[in-house]
Amino acid sequence: MGGLFDIHNVISAAYFERPEAIQCSSEHQVPSSYRRLQLMRFSVEEINNSSSLLPNVSLGYDIFDHCSDTRNFPGLLNLISVNDSIQPWSEPSKNLSRVSKVIAVVGPFSSTDTMTVAPLFMVDLIPLVSYGAASSAFSEKAKYPSFMRTVFSNKDVIEVIVKIILHFNWRWVAFLRSDNDFGNDGLDMFMKRIKDTDICLAYTKGLDYKTNYSKMFKQIEEQKIGIIIVFVTKLTAETLIKSAIKLNITNKVWIAGDTWSLNKKLPKEKGIKNIGTVLGVSQPVVSIPGFSDFIYSTKSQTTCESAEKNMFCNQACNCSGLSAEDIIALDPSYSFPVYSAVYAIAHALHNALQCGIDTCNDNITVYPHMVLAELKKLNFTLYNQSIEFDVNGDPKFGSYSIVFWNHDGDAEEIGFFKFQPSVQLVINNSKIQWYTNGDAPSALCSSECLDGYEKKQNGIHKCCFNCEICPNGTYINITEDPYRCINCKESEWSTEGSTSCNLRTVEYVPFTDSLAILITFGAVSLGALTIAVSVLFAINYQTPIVRSAGGPMCFLILGCLSLCSLSVYFYFGKPTASSCILRFLPFLLFYTVCLSCFVVRSFQIVCIFKIAAKFPRLYSWWMKYHGQWLIITVAFVTQAFLLLIGYSSFPPKPYNDTFWYPDKIILTCDIDLKAAFSSVILLVLLCALCFIFSYMGKDLPKNYNEAKAITFCLLLLILTWIIFTTEYMLYHSKYIQTLNALAVLSSLYCFLLWYFLPKCYIIIFQPQKNTAQYFQGLIQNYTKTMSQ
């Protein structure tokens, strides 16, 4: 079994003119990695001493100090060599026995180191079981078919960090990362995870040995960032925190990744309390029985001095400066991942050798690809944890601890995060001693808006915004979209600054309304009066008063007035498509006939008394071809044609008026101006002609002056619609329809009351004025006056 541990680490990059291997022992020592190396040795010895796992089979190991990702390949080449030589990739070996002596490798620790060495092992499908490489790239089996790991990927670590941020309702954060594959992958996972949340990444920076920490912290202070996620390696974290202490950075919340959250040195650093509060994500510390005794027994051995003794001691490392107590007290992070990685390989080998209770099959030659196949199928229990891998080689076991660096300098567990069987986050807030000496600090770019206000983004970050109150007819739903006021539905309304909408009150004038009943009674009365006048005129048809009023034309006018009154009934009740049409159609059509009758009647009066003498031929033509009926027919047909075209193209339809009242819906009819414009113009034209002709005859005999009566009726008609138009422009409640019906009814009564009823009065109460002699006397007197 191979092992790769970064016992030493190259801090700064060096450049050479030619390829050159590095002497790791001269570089910076990483004590915690040395502890993990000893843990692998302990695990192998424990397995070799086991009677149930790999019985009668002894595991051997080669462990190398992997201190650089670019200049530390002798150990790697040793592991994959065959008889101390490397088989070129262009000449693949056809003899399976000519494969490397290693069946599997534990390590390396970092993602960058793993990306460098992994391709060398992937070629021959040698299992590479890492205890620390967390980059999500290794989950791609097409690139890393024989890679497996006993730690969660960055994606899972980031998930826990984001859950912590959401738990405390923090929004404005910085993300500091190692400037390598591990850190860049963590940043990528973090940005993907917060995409659909309210968290904003205010600042990010890749850290390396050249980082200007003073400039970096100045930028963080300028943006008023209080939450700093530190996703870096252990050595980089130590440099960062020490720089923060030195630069007097205060009042921050630091969220540590699992690489340094259990650091034993930093929590006891002088001035660490001044930087703020440190929370962290760590792997649970699993106590491994017997490990401490193993360390004490190892350190009691005499230090190896010669190469022969080195081989016997099975260790060549200048780590004699570390005592047993020092090793045991070191950062325990990644201890269980190393332990479970060794045991996973052992169990896979156990299965590949078809081992039983007492022995294994000696006739089986094990190759790395066989161990890989068994690793993928593993499912065994280790310290109450079911060790199992998913299809990507990632662990299906384990959890995370949430830790807090207390004032005693210890990483105290305050909660946990479990992935299986369901996602669960538990944090005991009462255990956290915040730098505020109270509740958890806030982390917002802008303070939250009050209820009823929308957020107007200010700049590139959605966390930075101005608050604007939602206007009438809109509301804000912060769970749906806090950045937009939503329009209420047509059937709803809201006041300024609302968080919900109210249903509008639906209003229309029912038939049971008192005004509706009164106007309906007026329409019925008008019909009854027209019938009564028609009967009276029919009885007295041959009398001068009836003949002078228009004779047969009177019955046409009275009939049309009665038909016009049909429109009044459709102004009440809930509007429908048919009722909207019938509100206007009967009135427009039959009132056209009424006005055209009065036009020709006014023209005849003027013609008889003023034009007949001057234009006898015109008068003769008028009488011969019944000009009055011709004009009435043309007006009727024209109006009918205009209404047919208009209503076919733009028919009136029910309309919910929500414009004038925010809390009401007025049920009315929508009549398109294009549909009614031509018809109304025709009515106005007839009214104007009628007024002109009747005004020309205003000086006719007093008792015979039909023109004056028509002029007066027209004035009342014009006044009625002027009043209605004014009300229509100023008044917009449901009763505007009632006023419209009243205007229609008033238009009908104008002619009935002031044109026909005076004649009825003469017929009934003054019959002496309804004689031929009386009318001839009036005409003779008028003729004498005109001749003088």
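**Ground rules**

I am reading a predicted model, where local features need pLDDT of at least 70, side-chain atom pairs count only at pLDDT 80 or more, and totals for chains, interfaces and linings use all residues. Residues are numbered from 1 along each chain as its sequence is written, and side-chain values use heavy atoms, with hydrogens and water left out. My helix and strand names follow DSSP runs numbered from the N terminus (helices are H or I, at least four residues; strands are E, at least two).

I checked the peptide bond from Gly107 to Pro108, and it is cis, with omega near -5°. I noted this because most peptide bonds are trans.

Phe109 has its place in the loop between β5 and α3 too. Is Phe109 buried or exposed? Phe109 counts as buried, at 15% relative accessibility. (Buried means under 20% relative accessible area, exposed over 50%, partly exposed in between, with a 1.4 Å probe and protein chains only.) I then listed what Phe109 is in contact with, leaving aside neighbours within four places in sequence: Leu4, Asp6, Arg36, Ser130, Tyr131, Gly132, Ala133 and Tyr334. Contact here means heavy atoms within 4.5 Å.

I tested the length of α7 (residues 234-246). At 1.5 Å a residue, its 13 residues should span 18 Å, and the end C-alpha atoms are 18 Å apart, which agrees. (The expected span is 1.5 Å times one less than the number of residues.)

Which residues of α7 are buried? I got Lys234, Thr236, Ala237, Glu238, Leu240, Ile241, Ser243 and Ala244. These buried residues pack against α1 (31-48), β8 (172-178), β9 (200-207), α6 (213-222), β10 (227-231) and β11 (252-256).

I took α6 from that list for a second look. The axes of α6 and α7 come within 10 Å and cross at roughly 70°; axes are lines fitted to C-alpha atoms, for helices over the stretch in contact, and angles run from 0 to 180 degrees between N-to-C directions. The two helices, α6 and α7, are therefore roughly perpendicular to each other. (Angles under 35 degrees count as roughly parallel, over 145 as roughly antiparallel, 65 to 115 as roughly perpendicular and the rest as oblique.) Where they meet, α6 brings Tyr213, Met216 and Phe217, and α7 brings Thr236, Thr239, Leu240, Ser243 and Ala244.

Past the end of α7 I found Asn248, with a positive phi near 60°. In the loop between α7 and β11 sits Asn251, which has a positive phi of about 55° although it is not a glycine. Most residues other than glycine have a negative phi. Asn251 is partly exposed, at 45% relative accessible area.

**Entry: one more positive phi**

Asn384 turned up as well, with phi near 65°. I located Asn384 in the loop between β13 (380-382) and β14 (385-387), and at 78% relative accessible area it is exposed.

I ran the length test on α19: its 24 residues should span 34 Å at 1.5 Å a residue, and the end C-alpha atoms are 33 Å apart, which agrees. Among the buried residues of α19 I noted Leu682, Leu683, Leu686 and Phe693.

How do the axes of α18 and α19 cross, and within what distance do they come? They come within 7 Å and cross at roughly 160°, and α18 and α19 are therefore roughly antiparallel to each other. From α18, residues including Leu642, Leu643 and Tyr647 meet residues of α19, among them Ser679, Leu682 and Leu686.

**Entry: the cores**

A nonpolar core is a set of buried Ala, Val, Leu, Ile, Met, Phe, Trp, Tyr and Cys residues joined through side-chain atoms within 4.5 Å. The largest one has 64 residues, of which Phe537, Tyr591, Leu595, Phe751 and Phe756 touch the most other members. The helices that each supply at least two residues include α13 (514-539), α16 (577-611), α18 (627-649) and α21 (736-765). I found that α16 gives the most, with 13 residues. Apart from this core lies another, of 56 residues, among them Ile103, Val151, Ile288 and Ile295.
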